[in-house]
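My notes follow in the order I looked things up.

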Amino acid sequence: TLYFADPTGKTVVPDPRYVAVSETDQLATELVSKLIAGPRPEMEKTVRNLLGAPLRLRGPVTRADGGKTGVGRGYGGARIDLDSLSTTDPHSRQLLAAQIIWTLSRAGINGPYVINADGAALDDRFADGWDTGDVAATDPGALDGAAAGLHALVGGSLVRLDGQRAPRVTGPFGQMPSQVAASLSRSGQEVASIVTLRPGAPDMASSLWVGPLGGNASQALDGRMLSRPSWSLDDAIWVVVDANNVVRVIQDASGQPARIPVDATLVSGKFPGVITELQLSRDGTRAAMVIDRHVILAGVEQTPGGGYALTYPRRLGYGLGDTVVSLGWRTGDDIVVSRTDPQHPVSYVNLDGVNSDGPSRNLLMPVTTVAANPSVVYVADERGVLQLSGSGAEGDPTWAEVRPLMTAGALPVLPG
């Protein structure tokens, strides 16, 4: 997997590749060469590549001491010599190092990583080598807002899991009834929640409410039907209005919510149908959607006018048929879906389109909302909220009840 920088410079974005080398010591050179060559075409306008032209490799990647064998094995580390660096500001150099370090580290090539540019250290502070801790802020596996913990909608109001209790949160989100979907911001400090009145009736009405967790809520959007909200890295909230209009909701300079349409014509042209869910990847460069119970993936591209468009739509997980109910990003390249298939109520799909089945023991149909992060998956079934934990026999992952949230209709809520 290659890693490129997201447009905000806050994290790195996976670009899974198949790489074949005749000797393991050539892998690091091959990976850095592919970084310099750039992302796959559909990602060119959704990510930044700090290793793009005119940058080039001065020679093969070696051990930190210059040796040709044992690159990245044991404590040998890796040395990368670059030429023609045009990046001068420290943040960009840090991002360049992050792209190299996460690409090599995730491929099993261990540090320290000595990175030189034009014959001198990329950053004097790390002349003896970088390690993953030096670029931890951009860790693609980091848990956003982890401190916020698990929340849930119970009886239409927002609650917070606190040990063996689940008290309502303070403020309007803990009091408002009829909330049907919600998500916390990436920091875990803000809430976006959908209130639906008269669900299923001809005069059904939905509204999006936004505000700090424990603070005041303001109405930001309304429509007949609104999808579960999803937060981007720049704190915009993405929602699908009436099953086909994708919008971003941001706060303008006066603090008022502004509703900005997202150009989804490429999606609707290729996959016309009802969009029941849209969730942004953690890095904000991809959108996974449920359209007519299929998983559809698209790139999130910023357009020259400052707007956004969904590009290069494609279907993932053909093996799932038309059974998909809800989805959530577990990692930057792995999606969890809940399904109407009683044999396989939960499955995984990766960006390559390969799908695999999750455990089904202790789940009762129907399985609906799924919420996930790199360390845990939560789903709602007929009885309440369950979590996937590896504490079963022989480390077999099993679905465990989240006791305080075992109420019919309870839905899990996480940052994202």
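**Notebook: backbone first, then the rest**

I began in a loop: Pro-366 lies between strand 24 (355-357) and strand 25 (370-373). Helices here are DSSP runs of H or I of at least four residues, strands are runs of E of at least two, and both are numbered from the N terminus. The bond that joins Met-365 and Pro-366 is a cis peptide bond, with omega about 0°.

I noted the ground rules next. This is a predicted model, in which local features need pLDDT of at least 70, side-chain atom pairs count only at pLDDT 80 or more, and totals for chains, interfaces and linings use all residues. Residues are numbered from 1 along each chain as its sequence is written, and side-chain values use heavy atoms, with hydrogens and water left out.

**Other backbone entries**

I found a cis peptide bond from Ala-53 to Pro-54 as well, with omega near 10°. Pro-54 sits in the loop between helix 1 and strand 3. I flagged these because most residues other than glycine have a negative phi, and most peptide bonds are trans.

I then looked up positive phi values. Arg-293 is not a glycine, yet its phi is about 65°. I placed Arg-293 in the loop between strand 18 (286-291) and strand 19 (294-302). Arg-293 is partly exposed, at 40% relative accessible area. The classes are buried under 20% relative accessible area, exposed over 50% and partly exposed in between, with a 1.4 Å probe and protein chains only. Tyr-312 also has a positive phi, near 45°. Tyr-312 belongs to strand 20 (residues 308-316) and is partly exposed at 48%.

**Whole protein**

I counted four helices and 29 strands. The radius of gyration is 23 Å, close to the 22 Å of the globule rule for 416 residues, so the protein is as compact as a globular protein of that length. The radius is taken over C-alpha atoms, and the rule is 2.2 Å times the number of residues to the power 0.38. The C-alpha atoms fill a box of roughly 70 × 55 × 40 Å along the principal axes. Of the 416 residues, 51% count as buried.

**Helix 2**

I checked the length of helix 2 (residues 90-106). Its 17 residues should span 24 Å at 1.5 Å a residue, and its end C-alpha atoms are 24 Å apart, which agrees. The expected span is 1.5 Å times one less than the number of residues. Buried residues of helix 2 include Leu-95, Ala-97, Ile-101 and Trp-102. The buried residues of helix 2 pack against strand 1 (2-5), strand 2 (12-15), helix 1 (27-37), strand 4 (78-83) and strand 5 (113-117). Gly-108 follows helix 2 and has a positive phi, near 80°.

Contact means heavy atoms within 4.5 Å. Ile-115 is buried, with a relative accessible area of 1%. Ile-115 and Ala-127 are twelve residues apart in sequence and 7.6 Å apart in space, C-alpha to C-alpha.

Thr-62 is buried, at 11% relative accessible area. Not counting residues up to four places away in sequence, Thr-62 touches Gly-67, Lys-68, Val-71, Gly-77, Ala-78 and Arg-79.
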